[in-house]
Each structure stands twice: as structure tokens, then as C-alpha cells.
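Please look over the sequence and the three-dimensional structure below before reading on. The report that follows describes the fold first and then turns to single helices and residues.

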Amino acid sequence: ALLLSLSLLGMASSPLLFVLCLADYFRLPGGQMVLRALQVGAPALTRSLIIGVIVLGLFGFYSYTYFSQTAIISDNTCHSPFQCVSKHLLDAFRGDITTVIGNFAAWT
């Protein structure tokens, strides 16, 4: 009854309520195997995430240093290294490359 009400609320209100329905899956043997796989792989995945964030930060400083006079300032996207690095990190996690490199008309 609880799972049915959560799924109906998920359809009517918010899809985020479907996540609570998935929590029941982790009681089953398949779900427990997924949890064990996450326990084994989590340290390596965490290190990969940290290295990725460091590389994105370096790319943010690189783009501010070398492209601030061409595309970044003409698009008014960022005016300080902190703004550019923050913008790169947020855009990288959202998956939108066009906001990182700016308008292509500004490059010519």
C-alpha cells in the first residue's frame, strides 16, 4: 500500500518520489548485490571524481587566462578567475559545453 501511494504521488506531484520506491529494491538479493558492488567500487570512484574536479578547476583557470579577452568578456559570462572556475564546474556537471566556450561569433 505504501509503494502504491508513493508511485501515485510520484505521478501526480513529483518524480522524485519514485526514488523512495526504488529504496525497497535494496532489500532484495539483486539490490544487495548492487550495494556490495558500490561498497567495493566507491573508493576508486571517489578518487576519480576528485581528480575530475581538479582537472575542471585547472581548465577553468586556463580558460580565464587565455580566453578572457576574446570570448568570455564579450559574452559577459565571467570577469574573475573565481567566476570562471565556478562556471566551468557548474556547466561541466550540467553537461552544457556551449555555455563554457561562449558564443562562436565572439571568437572571430
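## Contacts, helices and surface

In the protein chain, 40% of the contacts with a separation of 6 or more are between residues 24 or more positions apart, where contact means heavy atoms within 4.5 Å. This is a predicted model, in which local features need pLDDT of at least 70 and side-chain atom pairs count only at pLDDT 80 or more, while totals for chains, interfaces and linings use all residues. Residues are numbered from 1 along each chain as its sequence is written, and side-chain values use heavy atoms, with hydrogens and water left out.

The secondary structure consists of five helices and zero strands, and along the sequence the pattern reads α-α-α-α-α. Helices (H or I, at least four residues) and strands (E, at least two) are DSSP runs, numbered from the N terminus. Of the 108 residues, 16% count as buried; buried means under 20% relative accessible area, exposed over 50%, and partly exposed in between, with a 1.4 Å probe and protein chains only. The accessible surface of the chain comes to about 8000 Å², of which 73% belongs to carbon and sulfur atoms, as given by the Shrake-Rupley method with a 1.4 Å probe.

Helix 4 (residues 81–94) has 14 residues and reaches 20 Å from its first C-alpha to its last, close to the 20 Å expected at 1.5 Å a residue, the expected span being 1.5 Å times one less than the number of residues. Within helix 4, C84, V85, K87, H88 and D91 are buried. These residues are on the same side of helix 4 because they cover an arc of only 160° around the axis, taken from the directions from the helix axis to the C-beta atoms. An α-helix has 3.6 residues a turn, so residues three or four places apart point the same way. On the other side of helix 4, F82, L90, F93 and R94 are exposed.

| Pair | Separation in sequence | C-alpha to C-alpha distance |
|---|---|---|
| C21 and L4 | 17 residues | 8.7 Å |
| F61 and S80 | 19 residues | 9.6 Å |
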